[in-house]
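Subject: Model handover

Hello,

Here is the model we talked about. Please load it first, then read the notes below it.

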Amino acid sequence: MFGYLVRRVLSALLVIVCVVFVVSAISKLVPGDIVDMMEAGNPGMTEQDKAILREQLGVNKPVFETFTSYLGGIFRGDLGNSTRLRSSAAVLIAERVPATLELALTALFLALIVALPLGILCALKQGTAIDYFGTIVSTFGVAVPNFLIGIILILVFSVELQWLPSTGYKGSVVVAAWEALKAWDGSVLWDRMRYILMPAVSLAFFAIALNTRLIRSTMLEVIRQDYLQFARAKGVPERTVYLKHALRNALIPTVTIVGLQLGTLLGGTFIIENVFAWPGIGRLAVQSIFWRDYPLIQASILVAACVFVLINLAVDLIYRLIDPRIRYVRH
Amino acid sequence: MSEPLLSIENLITRFPTKRGRLTAVDGVSLTLERRETLGLVGESGSGKSVLGLSVMRLVQPPGMIEAGSIRFAGTSLLDLSTDEMRRLRGQRLAMIFQDPTATLNPVLTIGEQIGEVLRWHLPSIGPAELRERVVEMLDRVGIPNARQRFGDYPHEFSGGMQQRVIIAAALILNPALVIADEPTTALDVTVQAQILDLLRRLKDGEPETAIVLVSHDLGVVGEMCERIAVMYAGNLVEVAPADDILDDPKHPYTVGLIASIPRLDREVGALNPIPGRLADPVTPPPGCKFHARCAHAFERCRVERPVLKTLVPGRQVACHLHD
């Protein structure tokens, strides 16, 4: 296990180094002169400003030198400066990471607490009205893009019913939950939850749909296995047969998908954050593209890619804990 | 004479299919005495496994027991509530399955899978005692280094060792009846003998336990069992002491089964299969279900279904030839 851990961490590091290389080479990959492009988004630049920028971005240096200086910057916590906001890209992103993570994790949480019971129920009631209802909902969820769901939610719950605010962010729900627990007062918590509800649901819808189908089909496969009859023959009650013996086996493929889903959900925040004006890295990244703010674009891509790699690493390790059959595999 | 341990009366178990209702067990009546070892024999699809599952009340929907009664140690099993039946399983009634690799849950340790029996039936048992009893049972079924292997997963065992683990789970509470559904079919020949030997040894060590050994292998059953019941297309066609059946089979189907056992003292290639296929369980033929494959069939066999009749005490056969 330890040897595997080391190998897996090293390979993740290697991927991150490659990401850094590609990100640092963006200034060379953009067709034409990158600084001229940036001027289009930031009118009023002088020739002197442009020269400084060229120096900063390493436009005139060879690719490898750009890479080493960018990598060196990362070790010093320096991801360059935003040309538009005129402050450190690292700080700008760090400020916005919590909001994005909170949104993505809430969506993932929703995707699980809705999909797990729904998938199990559809499998156990295969071919009944419940199963067909689940199938229709999940087909809908897979087919409809998340921004459309977001817009429909805004139209229904903000414009028509006026129950929930259409956009904005009032601070962390997790922090508010902790304080609500301490002070035994849920009013602040609810106020913040009203803001995260619609973005999280629109982001989660696809994952809910996919997970329901996945859990349903793996459960159906598992339900026919001999080991469930064996459990029953030992006098294990039906509930435990399903929730312990069947579910643990059905969860193995689910964990893989759900782990990767967190990556997809983080990607989804790029769109959903813009629909709901959610102040996370997704919104920042899209804005920086409109601003032609290359240092900020580079930093956003780098952070998003690193988060994705780290999640994959975590999923691989968790997978090994759940499925004993691959726990001791040596290559 | 006291009441038999198990008595099955006119049991009918059916499965709805697209073509109609499939009758897997078609009016079976059978008794089993305490401590007895009964072999239940028949070819694939004859309904012997479903009969075993019916006694455990583990026939999975949409299949269901439609008629008949099963009395076990004075209790009518079909009248018990789901929970009362659950409490009998694992404690008084146990089952061993055919394919050990598929029978053990791949994600739970074997200690957990055996210990579960104790946990559900002896709720007051503590973790230390549970572990102690499981290790002791693993030792009894011949798992080397039982203590170290408590936390191992099924894939870390060979097929034969896995079957030993299953036997340990089935026998840990000294059940009165063990239904062993083809316990050696999925195993290598040498391992088969070891497992049968283990079953025999465990049974001899227990004052209580009766075994129903379900098998398609008359050789295996003849060696292990005191009495043999032969099943064909959902019906019992012959029930008799093992030696009588092997030496002097009465039903033409039993005759065919015995003749089809490959023997080393015959030349290679001289196999004697029974001609034809098993009768269709959805639309069975009229009369005796075996008549189409029977060399001795006459007119009556085509119209009237024979019932199980006692020839001499202890010997029953369902065949018009023996009226």
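Glu9(B) stands opposite Ser69(B), a residue of β4(B). Note that this is a predicted model. The strand β1 of chain B covers residues 6-17 and is joined to β4(B) by 7 bridges. The two run antiparallel.

Both belong to an open sheet of 4 strands in chain B. The order is β2-β1-β4-β5, and the pairing is antiparallel. β2 (20-32) and β5 (75-76) of chain B stand at the edges. Each has a single partner strand, so one side of each has no neighbour in the sheet.

How many residues of strand β10 of chain B are buried? The count is 6 of 7, for a strand that spans residues 235-241. Strand β10(B) is thus described as mostly covered.

On one pairing, β10(B) meets strand β9 (residues 227-232) of chain B through 6 bridges, running antiparallel. Tyr232(B) stands opposite Asn235(B) there. The hairpin of β9(B) and β10(B) has 2 residues between the strands. In that hairpin, Ala233(B) takes a positive phi near 50°.

β10(B) also pairs with strand β12 of chain B, residues 315-317. That pairing has 2 bridges and is antiparallel. Val239(B) and Gln316(B) stand opposite each other in it.

**Nonpolar cores**

The largest nonpolar core holds 101 residues. Those with the most contacts inside it are Phe72(B), Leu77(B), Leu93(B), Ile167(B), Leu177(B) and Leu213(B). Helix α7 of chain B, residues 159-171, gives the most to this core: 7 residues.

Take Leu213(B) as a worked case. Leaving out residues up to four places away in sequence, Leu213(B) touches a list that includes Leu38(B), Gly39(B), Leu40(B), Ala180(B) and Pro183(B). Leu196(B), Val220(B), Val221(B), Met224(B) and Cys225(B) are also among the residues that Leu213(B) touches.

There is a second, separate core of 32 residues. Among its members are Ala204(A), Ile208(A), Leu266(A) and Ile272(A).

**Largest pocket**

The lining divides into 13 nonpolar, 6 polar and 8 charged residues.

Which elements supply at least two residues of this lining? From chain A they are α6 (89-124), α10 (187-223), α11 (226-233) and α12 (238-275). From chain B they are β4 (64-72) and α2 (82-88).

Two of these chain A helices deserve a word. In α11(A), 7 of the 8 residues are buried, so the helix is largely enclosed by the rest of the structure. The buried ones are Tyr227(A), Leu228(A), Gln229(A), Phe230(A), Ala231(A), Arg232(A) and Ala233(A). Just after α11(A), Gly235(A) takes a positive phi of about 95°.

Helix α10 of chain A contains Thr218(A). Why does Thr218(A) count as buried? Its relative accessible area is 11%, and buried means under 20%. Thr218(A) touches Ala250(A), Pro253(A) and Thr254(A), not counting residues up to four places away in sequence.

**Second largest pocket**

This one has about 360 Å³ of space. Its lining has 18 residues, and those nearest its centre are Gln56(A), Leu57(A), Tyr70(A), Asp78(A) and Gly80(A). By type, the lining has 4 nonpolar, 10 polar and 4 charged residues.

Three helices of chain A each supply at least two lining residues: α4 (47-57), α5 (63-75) and α14 (294-322). α5(A) gives the most, with 4 residues.

**One more buried residue**

Ser288(A) is found in helix α13 of chain A, residues 281-290. Buried or exposed? At 0% relative accessibility, Ser288(A) counts as buried. Leaving aside neighbours within four places in sequence, Ser288(A) is in contact with Asp293(A), Leu296(A), Ile297(A) and Ser300(A).

Best wishes

Technical notes
Residues numbered from 1 in each chain as written. Chains lettered and ligands numbered in written order. Predicted model: local features only at pLDDT ≥ 70, side-chain atom pairs only at ≥ 80, totals over all residues. Heavy atoms only, no water. Core = buried A, V, L, I, M, F, W, Y, C linked by side-chain atoms within 4.5 Å. Buried < 20%, exposed > 50% of the residue type's maximum accessible area, 1.4 Å probe, protein only. Contact = heavy atoms within 4.5 Å. Nonpolar A, V, L, I, M, F, W, Y, C, P; charged D, E, K, R; others polar. 1 Å grid on protein atoms, 1.4 Å probe; cavity = no way out; pocket = protein on both sides within 12 Å on 5 of 7 lines; lining within 4 Å. Points joined across faces, edges and corners; volume = space filled by probe spheres on them. Pairing = 2+ DSSP bridges.
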